[in-house]
Amino acid sequence: MPDPTPDTLLDGAFLARLEKLALRSRTRIAGRRAGGHRSLRRGQSLEFADHREYVPGDDIRHLDQHLLGRLDRLFVKLFEAREDRTVQVLVDGSGSMAGAKWDAARKAAAAVAYASLCGLDRVQIFAAGETLRAAGRPVRGRSAIHRLFGFLRGTTPEGGTALARATASLPPARAGAMTVLITDGWDPAGLEGTLRRLRHRGGQAHVLHLVDGREIAATGLSGDLTLVDVETGHEVAVTLDRDARARYAAAVDEWLTGCSDAARRAGVGYFRVDVADTSEGGLEERLLRWLREAERAAPGRRR
Amino acid sequence: MNFANPAALWLLVAVPPLLSLYFLRVRRRRVKVPSVLLWATVVQNQRTARPWDKFRKHLLLWLQLLLLLLLTLALAGPSLPGTTRLGASTVWILDGSASMAAAAPNPSRFAVAKDFLLDAIADLEPADEGMIVLAGPEPKVVVSFSRDKELLASAARALEPTSAPASLGAAVDLAVALARTRPDRGVVVVTDGSDRSLDLALGRHPHVAVETVGEPATNVAITALDLRRSPTADLESELFVTLRRFGGEPGPVGVEVWKGDALLTSETVGVPPGSPVPRVYRDLGDEGGIVRVHLETGDAQPVDDDAVAWLEPPRRRKVVCVGCTALTARAVLSDDRFQLEMSGGAAPTAEDADVVLYEKVSVPAEPVLPYLALGPPIVGGESLGEPVPWPRITSWKRAHPVLRFVEPAGILVSEARPSAPPGWAPLLESDAGPLLSAGVTGGMRGLVLHFDPLASDLPLRVAYPLLVLNSLGWLTGEEARGQARTLPAGAPLVRRGWGDDGDVVRLERPDGTDVQAPVRDGTVRFGSLVHTGVHRLLGPEGRQERVAVNLVSDAESDLDVSPATPIDAGGRPVEATAVVGRRSVVRPVLLLVALLFCSEWWLWQRRYRD
């Protein structure tokens, strides 16, 4: 377990809980290396999976001698393969993520990364702004977490949002890979296309939607305002009276509903976290809940 | 609408800068937000949802503009027609005539006028000033221009109407003259319209406003009263009274005649509206005193229901005749007022007689009594000159009491001495000089006929006894009895021969107060007498005279209320430019400003806090 230092994104207690979560979340995946996850392919592990008739070319070491003696037919034994899994964490690094949302995004990315490393997965973190920035090649082992933390700490949100393009730029993932998108959803192109791309990449896809309740409620805004988009610089003149607030609240509700519906339609796991909400144990508790839900939703989950 | 301070309207030039500031200034606070995606939708909805939102967007601006306009209006001191205030300097003229005392409406027209005045004073702005003029027979400045509202109000409350007609024209002229130096001035006349001199004054000053008070009412009044010598009995007097009904239906009126506390007579007289009803009352008694006529009417104007006269006790005047002919003596004896005594040669003294009649005898240089000299050669030591044959009468003073009912034309005079002493006034003139002159010798009034009556045909004419008796009456003061001693209210009292210059004559009013006036040029003058009743004039050496003052005015007794109609000197109507007062609306405007300010604050809070 990495030392919980002040510049560490996650404290020691939280890291411990993540480790426990990792033990329970091993599922069958399709990987390149033997890992902690059961592979969809038959492999070299000790766990018997099935038989099939011998075909020329099969490794004769896998011939089941007992069946040959009993049935006088050639069957080879199939074993479950233990393969690693690639977890790609795509963090929305656009300017709209600045502030509490960015802190939460970094913590969430770190949590996913740590839990995955503990699960013997390979982890790769990307920051998606106007360009896609990667934390380097996929890493394995807990010791690599510091590298990922360093990347997250060294990244600041800036620039516009181009999640669809960033998603398209992600390295191809094998079946069984997991892609996690952490974003605030403020994408001029909308989230639906991005989510569909995530789903089409194969494997699992999850989106962690970070919202700031203060933004949604337009807290601190009143009167005649010129609202400036921090990403695009676009300006909107608005008189924030009671009617405008009501219309804005309705638009927010519609938008949030649209985001969750889009995720459902795309078959992407969707979890929304209000970073301004300090109830229910705070952000870390909600991140753990999200990770558990993601584990439950994963195909081939061990029962 | 008028403005007390029109210069404040220049504040309206602030409107364009306000508009510029509103539209040009950076009003919107710039706030960075993560995304404007949803806000753009809100704004789009805001633009398309309600068409009036464009106006609503500038509602605060309109309110601010309205606020500025109202503030400017308030500073300009607006006033509306129909009320009491005219300008920053206002002169209120209250009609103090007798008709204002009429109880139409109750309690009196004057009370209504005072209420109007008190309201006007209460409406004065702190910077405003007011002046009160009471219009009686002579205008009186009760309070000069003052900003002390309490002073003005207390003076207004103390005002009372007079019992005399008012000269509103003079009051208006005075008020306009006093206020002419004020830049923002106004003159308001509060009247019942009884004085038509106001019409002419309004023609001269069309900017003067008139507030008409009072309600029309019927009235029965004594419009004339006179005490005259009886034509049948020289020592008796007759009381002439004229009654008149103003408006209403014909009806009986009870008339009582009192002398002192004694009721002499009473009767019921039918008085139709419009035409005067003369009444004559005789048998007033041998003793002097106050004769009072009282009408039992119970109408709205009590002042004209009573009238008084002073009845002098009858007294025969002693005439000492020096050198009189029988013809002259018979003429004197024909009048019971005179008692004739022929002189035995000794010079008459003041104790012996009231007047001396010289006929063809020189008048002494220092006469001790008033005298009538018929054809004297010398008067007061001055010769009347050489006889002139056949002087022809050319002119005479018809109005002089001595020549009352005397027709001098055609009198033939064979010889006369037509040379009057210096300073004497000719009453009858010929082509050669005066034939009858009046003057003063040694302090005594004298009359001189410049020819011997027997040297003319005058004794053959009826004019002779009339001339003699008129002369004796004038010399003894009898001719004035019952005439000059009854004055209409508001008339001045002028007396000649009441002492020397520097002497003081005192006038006691009916209410017991008195006033003094000095004798100047042999004449004493008292201003308008506004108290009805019997006045007593007290001169040097115990001389006294009583003068009765009565309202006797058709204009004041006519309680019809007619609005003023400005006319010019030719009697043509003049268009009035004044309104009937104005009321300051600064307070309502300021109240509106406060309400608007609260509304704007509330709107602002609602807009920015919700």
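The phi angle of Asp72(A) is near 60°, which is a positive value in a residue other than glycine. As a general point, most residues other than glycine have a negative phi, and most peptide bonds are trans. Please note that what you see is a predicted model.

Lys360(B) is not a glycine, yet its phi is positive, at about 60°. The loop that holds Lys360(B) lies between β18 (355–359) and β19 (371–374) of chain B.

In chain B, the peptide bond from Ala104(B) to Pro105(B) is cis, and its omega is near 5°. The bond from Asn106(B) to Pro107(B) is cis as well, with omega near -10°. Pro105(B) belongs to the loop between β4 (89–95) and α5 of chain B, and Pro107(B) is located in the loop between β4 and α5 of chain B.

How confident is the prediction for chain A? The average pLDDT of chain A is 79, and 83% of the residues score at least 70. Within chain A, strand β1 (residues 37–53) has the lowest confidence, with a mean of 61, whereas strand β4 (residues 122–128) has the highest, at 89. Over residues 25–34 of chain A, pLDDT stays under 50, and for this stretch the model has 43 contacts beyond four places in sequence. Where pLDDT is low, the predicted coordinates should not be read in detail.

I turn to the sheet in chain A. It is an open sheet of six strands, in the order β5-β4-β3-β6-β7-β10, and the pairing is mixed. Which strands form its edges? They are β5 (132–134) and β10 (269–274) of chain A, each of which pairs on one side only. From one strand to the next, the twist averages 20°. Strand β7 (residues 204–211) of chain A and β10(A) run parallel and are joined by six bridges. Opposite Leu208(A) stands Phe271(A), in β10(A). Helix α3 (residues 100–118) of chain A lies across β3 (86–92), β4, β6 (178–183), β7 and β10 of chain A, and runs at about 175° to β3(A).

Next, chain B. It has 610 residues, of which 41% count as buried, and it contains 12 helices and 35 strands. Of the contacts in chain B between residues at least 6 apart in sequence, 68% join residues at least 24 apart.

Two helix pairs in chain B deserve attention. Helix α5 (residues 109–122) packs against helix α6 (residues 149–157) of chain B at an angle of about 180°, and their axes are 10 Å apart. Angles over 145 degrees count as roughly antiparallel, and α5(B) and α6(B) are therefore roughly antiparallel to each other. On the side of α5(B), the residues that meet α6(B) are Lys114(B), Leu117(B), Leu118(B) and Ile121(B); their counterparts in α6(B) are Lys149(B), Leu152(B), Ala153(B), Ala156(B) and Arg157(B). This contact has six nonpolar, no polar and three charged residues.

The other pair is helix α7 (residues 168–179) and helix α8 (residues 197–204) of chain B, which pack at about 30° with their axes 7 Å apart. Angles under 35 degrees count as roughly parallel, so α7(B) is roughly parallel to α8(B). Here Leu168(B), Gly169(B), Val172(B) and Asp173(B) in α7(B) meet Ser197(B), Leu198(B), Leu200(B) and Ala201(B) in α8(B). By class, these residues are five nonpolar, two polar and one charged.

Finally, how do the two chains meet? In all, 30 residues of chain A are in contact with 24 residues of chain B. On the side of chain A, the elements that give two or more residues are β8 (223–229), β9 (235–240) and α8 (242–266). The largest share, eight residues, comes from α8(A). This side of chain A has 15 nonpolar, six polar and nine charged residues. Across the boundary, β8(A) pairs with strand β2 (residues 29–33) of chain B, in the parallel sense, over five bridges. In this pairing, Val228(A) has Lys32(B), in β2(B), as its bridge partner.

Notes. Residues numbered from 1 in each chain as written. Chains lettered and ligands numbered in written order. Predicted model: local features only at pLDDT ≥ 70, side-chain atom pairs only at ≥ 80, totals over all residues. Contact = placed C-beta atoms within 7 Å. Helix = DSSP H or I, 4+ residues; strand = E, 2+ residues; numbered from the N terminus. Nonpolar A, V, L, I, M, F, W, Y, C, P; charged D, E, K, R; others polar. Pairing = 2+ DSSP bridges. Axes fitted to C-alpha atoms, helices over the stretch in contact; angles between N-to-C directions. Parallel < 35°, antiparallel > 145°, perpendicular 65-115°, else oblique. pLDDT = per-residue confidence, 0-100. Buried ≥ 20, exposed ≤ 12 C-beta atoms within 10 Å, placed from the backbone.
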